[in-house]
Amino acid sequence: MMNRREWLAGSVAMAAARVALSAGAEQQMRADSPKIGPATERTPVLKQYEDLQFGVSFHFSMNTFTGNDYETGGLPANTYNPAHLDVRQWIRVAKDLGARYAVLTAKHMSGFCLWDSEGYDYDVAASGNKTDVVAAFMAACTEYGLRPGLYYCILDPHNEGKFDWDSAVPDGYYKLIKHHLSELHTRYRTPFYQFLDITWKLSQDQRWEVYRLIKSLSPDCLVVMNQAFYQSRRNLGRICEPASWPTDVINGEDTLPPPEGHNPRISMDGKMRYLPMEAWIPTGPPYKPMPPMHSWFWRPGFQTQDAQVIADAYRVCKQRNSNLLLNLSPNTSGELPDEAVKTLRHVKRLIAG
């Protein structure tokens, strides 16, 4: 067993290594920044992403325990307390369904982090279940052969001090965003995909800085800046909204690709870019406080959409040259509920048929 002196020495060494890595990454980022940006041609990484074709995301966080998709982080950390957390079950179900990549809500808008973030007290380490969900998720993806990705929400009333969809983020919180993303991309090597939500709260310069920060730490990681529901329904992935730029993939939230199929050659910043599309589809029922959106998080009475609806979305995406990112919602026990698993098995049969 390690004594306290050995433990302290190890902690100091790890901290020094993190600082050195961060400084080196920042120096390299400054040197390479003019070259870093979304692709103008189909790269090997983008081809690999398109070939994966089908992924799942998991919405699981403080919201799951309050029943509020738009949880603002006003409750104590110990409100989060899954009794039977089973991340392996999530990934096993996804694998059985045929998914090839998976994305975890590492931090949603409540500000609650599913990992023990250094110098931060609103995370799993302060909760009723101290499991590092990000680490468990990465391990399960490795075990079942799925490519791992992470979700991070920019909107964060807990850290911004107010709930405002459109206001610029305060300087202190912007530093925290960079700290969190640096931590995720150094501690958990290496996500192939980083999803950023509500990016219009960042300035154009900040979005570029965050994009390049992620690329400096995970060079082959795809950075996906969500366009959000109404924007997605308006443009169907035919363009990229300026407030969601730069991005490596056009994300359509709760939106299927256009009838003519997605054309990845899209003009942005005076250049023709190669931007694949991903339809991000929730499997939950309509979210009554905000119709016509669907629910992302589990809550009491949650009922998964009909299997035929989900299977049809899969086929439409395949026919229209788009990836499908299907959202699944673990419950307060920390598992995908039996009714969802049963529906997904039916989806698998429909897809296979």
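Q: How do I read the packing of helix α4 against helix α5, and at what angle do their axes cross?
A: Two packed helices are described by the angle between their axes and the distance between the axes. Here the axes of α4 (residues 87-97) and α5 (residues 133-144) come within 9 Å and cross at roughly 35°. Axes are lines fitted to C-alpha atoms, for helices over the stretch in contact, with angles from 0 to 180 degrees between N-to-C directions. Helices (H or I, at least four residues) and strands (E, at least two) are DSSP runs, numbered from the N terminus. Mind that this is a predicted model: local features need pLDDT of at least 70, side-chain atom pairs count only at pLDDT 80 or more, and totals for chains, interfaces and linings use all residues. Residues are numbered from 1 along each chain as its sequence is written, and side-chain values use heavy atoms, without hydrogens and water.

Q: How do I read the sheet, and which strands stand at its edges?
A: Strands of a sheet pair through backbone hydrogen bonds, either parallel or antiparallel. In this model 8 strands make an open sheet with parallel pairing, ordered β5-β4-β3-β2-β1-β10-β9-β6; two strands pair if DSSP finds at least two bridges between them. β5 (222-225) and β6 (250-253) are at the edges with a single partner strand each, so one side of each has no neighbour in the sheet. From one strand to the next, the twist averages 25°.

Q: How many bridges join β1 to β2?
A: There are 4 bridges between β1 (residues 54-58) and β2 (residues 101-107), which run parallel. Phe58 has Leu104 as its bridge partner in β2.
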